[in-house]
Amino acid sequence: MRLRDMMEQGARGFALVGADAAPLLHGSVRTSPELEGWVRPWRFSAEQMRALGSCQAWHPGLYRQMARSTAGICLEFETDSSEVAIEVALDAEPVGTRDALKYVDERRGLEPRMHDGLSCEVDGRRLGVRVPARDDDYVAFTLDDPAEAPASGVMQLPGMGDTHHVRVWLPCLRGCAIRSLAGNGSFIRPVARRRNLLVLGDSIAQGFVCDDPALAWPTLLAGRRGLDVVNQGVGGQVFQPGTLYGLARAIDPAAIVVELGENYRYEPCREHLVSRDVRMYLSEVSRLWGDVPTWVLTPLWHEEDAYPSNKMSCFEDVPEVIRAQAEQFGQMRVVDGGGLLDHDAALLADGYEHPGAEGCAQVARRLELAMDAGAEPKEELSRRAADLLARAPRRTIPMTECLARGLGEVTHAEEGMVAIGAAGGVQMAWGHDAVLARDVASVLMRHAPTLCLEPAVADDLQRALGLGRREACHVASLKPGARPRVPKDRVIRPLGEGDLAAVRQRMSHPERQSDEQTLELLRQGRYLGGFDDDARLVAFVGEEPWGAMGMLEVFPEHQRHGWAAALTAAKAGQLLEEGRTPWCCVGESDAAALRVLRKLGFTVLPATDACWLLDA
C-alpha cells in the first residue's frame, strides 16, 4: 500500500517512521503551541508582532496579517523514505494578499487561484508546490527520482532506498500550523541549523507573487550563501522604527539585507520624515548587529506607467535618502536596487512591481555579486583573472597587458566573465556567459566607455550598461619575435611635461584624454616625438592611460614621409624593451593605420571580434 493510500484511509499506524515537525524547522524565530499538538511557526518575535500592529505602523491591520505568513520557513531533514507526508493546516489568505493576487489574475485573464503552498526540494531537485486536498490536513511528496528507478513505475522498498536531503518550504503568503511527518522509511532526522541571512523588507522580499515559496529571492540568496533565511518581508511595510525588538536573541545573522522603501510611492509623504525614519531604523539595525555585514538596497526598478506613484509622494527622493543614511554606518554597504532587475516588465509577475520567479532568480544572483564585491583580496582576484585570460583568445591581450602593467583593477573574474576597470575611466570585458555578463554589468560595472572583447555578449553588455553606440574595432598586437626597425635617419626621443601644450594642441581627439592624463603620461615618458633636421617637433605617438598605443599624430606638412611607421616602430620598441607586448585598437575604417601595422609585423584581428560601447 502506498503512503498516500495509508494517509487517505487514516491508517497512519502503518507508516514505518514518524517525527514531530517542530524540531525540523529552519528560519523560524519562535513557535507557539496550539490545540491537539499543532505548532505554529513564527518569523517575528512577540514584541515585533505588537510593534507591527501598533499605532506607529502605517497599516497595522495589514501588517498583522502579513506577518503571520511563514515566508522563508522550511522543514529540513534527511530520510531513507521514498514518500513522506506532512501534517499542515493552512490559514485563510489575508485580505490584502487576496486583493493583490486578484489584480494579478485579472491582468493575466485568469480565474482567481492560489499562488502559494508547500514547495519541496529533494537532493537539489525541485518537486514543485502542493496544497492539501479538500478536507485533508496533510501534503504528501514522492522523494525518489523517477529517472533513477530500476524500471518504470517501480519504487524502492520502504527503508531500502537512498538517503534523501529534503527541504519543504512553508507558504510565503499565508500562515500555517504543522504537527508531524510520516515516512515509509526507517528514519527521519533533523539537519543542523545554520547561521542566518536576515532579510528586512516588504512584499518584494516576502515573496509576492513568485508562486513558489522556494523561489522568492531571499530564499534563493540564502541557499547560494549556505545560510538559513529569516525572511521578515511584510507586504506594505516601510522603514518603521521599533519593529526589531526581541529579534536579536532569537537569531544568529551572518549577513543582513535591508529591502525597504518602495511603498513610499503609494501614499503622500515628506522627505524629512522619511529621512528620520530611515535613520532611526538603520540605527537600530546597527545597534543590534554592529559587527554583521549589512547590505541596504535602494528601491528596485518598477514600471511607473503601469502603476503611477502618488503625486504627493516623496518617492523620487527616497533612493538618495537611503544612501545618505546607510553610509553613516561602517558595516553597511549600499546596493543600487535599480541594477538588480532588468528594466523589463516581463520579469514582473504583476506587470508593475513584484518580480516573478525569473525576476527573483535575477535579483538573487545579482545581489550575491554585490555582496561578494570587495570581499576577496585584490591579489587573488587578479591572479584568477590572469589564469582565465591565459586560456582566452588572442583578442583579450588588451586585458592581459592592462593587468600586467598595473593599469587596471579586476571587477569580476570567474569562468564565463572577466571584467576590468582600467585607467582612464574605461572598462574591458570578455566572457561567453551572456546571463553572467548582464548580471556583472548591471551590478558591478559603470556607465562608461567599454571595450568588449567578446562579440557574443556585446548586445547584453550594451543594454545592461545603457550605452547607445557601438563602434567596431580591430585589435592589433605585435607578433611574437617581431621587432620593427626604426630608420636610422629619424630623430625620435621621449617628450616631457614641457611639451604638454604642443601635444594637446595637435591632438585630433583631445577628448580621449584629459590634460591631467596627458601630463602624467608625458612625465612617465610614454610619448615619443619625431623631430626634423631643425629639431622641430613634427609628429608624436603616445599611449592611452590603459596602455594601448595611440594618439599618433603627424603634422600635415610632414605627412606621407614615413613618420607614422617610424614612430609606431619606435613605440613598439620601447614597449618591447620593457617586456611588454605592443598592442592597439584601430577603427575598422582606418585603412592607413592598418597598412602600417601589418607592414611592421602586427597581427590585426577582424573588426567583428571587438567593439567599443559608448554613449550615444
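Trainee: What is the handedness of the crossing of helix 6 and helix 9?

Mentor: Two packed helices are described by the angle between their axes and the distance between the axes. The crossing of helix 6 with helix 9 is right-handed; that word applies if the near helix is turned clockwise from the far one by less than a right angle, and left-handed if anticlockwise. Note that this is a predicted model, where local features need pLDDT of at least 70 and side-chain atom pairs count only at pLDDT 80 or more, while totals for chains, interfaces and linings use all residues. Residues are numbered from 1 along each chain as its sequence is written, and side-chain values use heavy atoms, with hydrogens and water left out.

Trainee: At what angle do the axes of helix 6 and helix 9 cross?

Mentor: Roughly 45°, and the axes of helix 6 (residues 217-225) and helix 9 (residues 357-372) come within 8 Å. Helix 6 and helix 9 are therefore oblique to each other; angles under 35 degrees count as roughly parallel, over 145 as roughly antiparallel, 65 to 115 as roughly perpendicular and the rest as oblique. The contact (heavy atoms within 4.5 Å) includes W217 and L220 of helix 6 and C360 and M371 of helix 9.

Trainee: How do helix 12 and helix 13 lie to each other, roughly parallel or roughly antiparallel?

Mentor: Their axes come within 9 Å and cross at roughly 25°, so helix 12 and helix 13 are roughly parallel. This crossing of helix 12 and helix 13 is right-handed.

Trainee: In what order do the five strands of the open sheet run?

Mentor: Strands of a sheet pair through backbone hydrogen bonds, either parallel or antiparallel. Here the order is 14-13-15-16-17, with parallel pairing; two strands pair if DSSP finds at least two bridges between them. Strand 14 (228-233) and strand 17 (332-335) are the edge strands. The twist averages 20° from one strand to the next. Strand 13 and strand 15 pair over six bridges, and L200 has V258 of strand 15 as its bridge partner.

Trainee: Which residues does the cis peptide bond join?

Mentor: Most residues other than glycine have a negative phi, and most peptide bonds are trans. The cis bond joins F208 and V209, with omega about -20°. V209 is in the loop between helix 5 (203-206) and helix 6.

Notes: Axes fitted to C-alpha atoms, helices over the stretch in contact; angles between N-to-C directions. Helix = DSSP H or I, 4+ residues; strand = E, 2+ residues; numbered from the N terminus.
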